[in-house]
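The following exercises are to be worked through with the sequence and the model at hand. Try each task before reading its solution.

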Amino acid sequence: MSMAHGRDRILVTGWFSLLHGEATAGDVLALARVEEVLRGAGLAYDVVWSPGFRADGTHFADVDPAAYSRLLFVCGPVHGPQVEELHRRFAHCVRIAVGVSVVDPASPAVTGFDRVLARDGAGAGPGLDLAARAPRLPGVPVVGVVLTHGQHEYGGRRRHAEVAAGLTRWLAGKDCARLELETRLDARDWRLCGTPAQLESVLARLDLVVTDRLHGLVLALRAGTPALVVDPVTGGAKVTAQARACGWPALVAAEAVARDPGPAGGKPGGREPGGRELERWWRWCLGEGRDAAARIGAGFRAADAVADAADGLVAALGAVRGAG
């Protein structure tokens, strides 16, 4: 809500408000649950945000403590000097902590509150976390991001760094859940898949893959998942060739993306031609591209599948042996 003055106004804060705190998904959902209750009761309030998380929000530097009669601290542990500073700065307010963990009941950070509606650690049985009953959220696309920074064999035609920078800058402005993925397998590193089946299981559960890798394209389509593909080589190379072999149209040239497509959002299509191309194929992939990817993926396994190089292997082996 917007900043406003009033004798009975409430200031809502938490670790998501503090300069060196952090905004976790759980904390922000807990805040949403508290806001739901405050709105339902017709109570006026403002929320303070850390400038590192919400640069456009209300920050403590903007707040006049005299404008508030009550302060709510939402979620997380109540401890430490930053919480104690809230008690000093808002000493005239009624101060309530809600949905919090009490680590040390004797701490000034805890005893400074007039009421502590604890989640745990206050001597009573644990209560349900506030995030559990937060309002339901709209779904957003789940997008796997598969990028390469190698392929030095292309020499001066390489645009990998510029493509990765342009793509990730654009993706940062999209309302989606981004999941960075790697086609490299390593059974010793828990962060990586150890088998192709593990990676394919992830890809099959995504709404979209954004990639500049040949196998990012092929493996996405094998899983029936649409891929927004950028060829990172000037003039096009193996990624472009493979998109054509697969009959996959959602392909953007390196030159377009490397021109800085700008962040998504704002004016439709972004500021530059590359942004418009990415936006167009993004919409297509999340629409009719889903069915197209499923058809192509099924076609890979069909009895009449398009030939690949292995289909000529036995004949080639026989010809080589005969020549020897």
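Two strands pair if DSSP finds at least two bridges between them. Helices (H or I, at least four residues) and strands (E, at least two) are DSSP runs, numbered from the N terminus. This is a predicted model, in which local features need pLDDT of at least 70 and side-chain atom pairs count only at pLDDT 80 or more, while totals for chains, interfaces and linings use all residues. Residues are numbered from 1 along each chain as its sequence is written, and side-chain values use heavy atoms, with hydrogens and water left out.

**Exercise 1. Strands β6 and β7**

Task: Find how many bridges join β6 to strand β7, and which residue in β7 is the bridge partner of V146.

Solution. Step one: locate β6 at residues 142-146 and β7 at residues 177-181. Step two: count the bridges; there are five, and the two strands run parallel. Step three: look up V146, whose bridge partner in β7 is L181. Step four: check the cover of β6. Buried means under 20% relative accessible area, exposed over 50%, and partly exposed in between (1.4 Å probe, protein chains only). Four of the five residues of β6 are buried, and the strand is mostly covered.

**Exercise 2. Strand β1 and its partners**

Task: Decide whether the two faces of β1 are covered or open, and name the strands joined to β1.

Solution. Step one: take residues 10-14, which form β1; five of the five are buried, so the strand is largely enclosed by the rest of the structure. Step two: separate the faces. One side carries I10, V12 and G14, the other L11 and T13, and all of these are buried. Step three: turn to strand β2 (residues 45-47), which is parallel to β1 and joined to it by three bridges; here V12 has V47 as its bridge partner. Step four: turn to strand β3 (residues 70-74), also parallel to β1 and joined to it by five bridges. In β3, L71 stands opposite L11.

**Exercise 3. Aromatic pairs**

Task: State how many aromatic pairs a search of the whole structure finds, then describe the pair of W15 and F73.

Solution. Step one: apply the criterion. Rings of Phe, Tyr and Trp (its six-membered ring) pair if their centres lie within 6.5 Å; planes under 30 degrees apart count as stacked, over 60 as edge-to-face and the rest as tilted. Step two: the search gives eight aromatic pairs. Step three: the ring centres of W15 and F73 are 6.3 Å apart and the planes stand at 85°, so this pair is edge-to-face. W15 is in the loop between β1 and α1 (25-40) and F73 is in strand β3, 58 residues apart, so the pair links distant parts of the chain. W15 counts as buried at 14% relative accessibility, and F73 at 0%.

Step five: compare F16 and W49. Their ring centres are 5.5 Å apart with planes at 50°, so the pair is tilted. F16 belongs to the loop between β1 and α1 and W49 to the loop between β2 and β3, so parts 33 residues apart in sequence are tied together. Both F16 and W49 are buried. Step six: look for a cluster; ring pairs link W15, F73 and F113 into one.

**Exercise 4. A residue with positive phi**

Task: Where does C75 lie, and is C75 buried or exposed?

Solution. Step one: recall the background. Most residues other than glycine have a negative phi. Step two: C75 is not a glycine, yet has a positive phi of about 65°. Step three: C75 sits in the loop between β3 and α2 (81-89). Step four: with 2% relative accessibility, C75 counts as buried.
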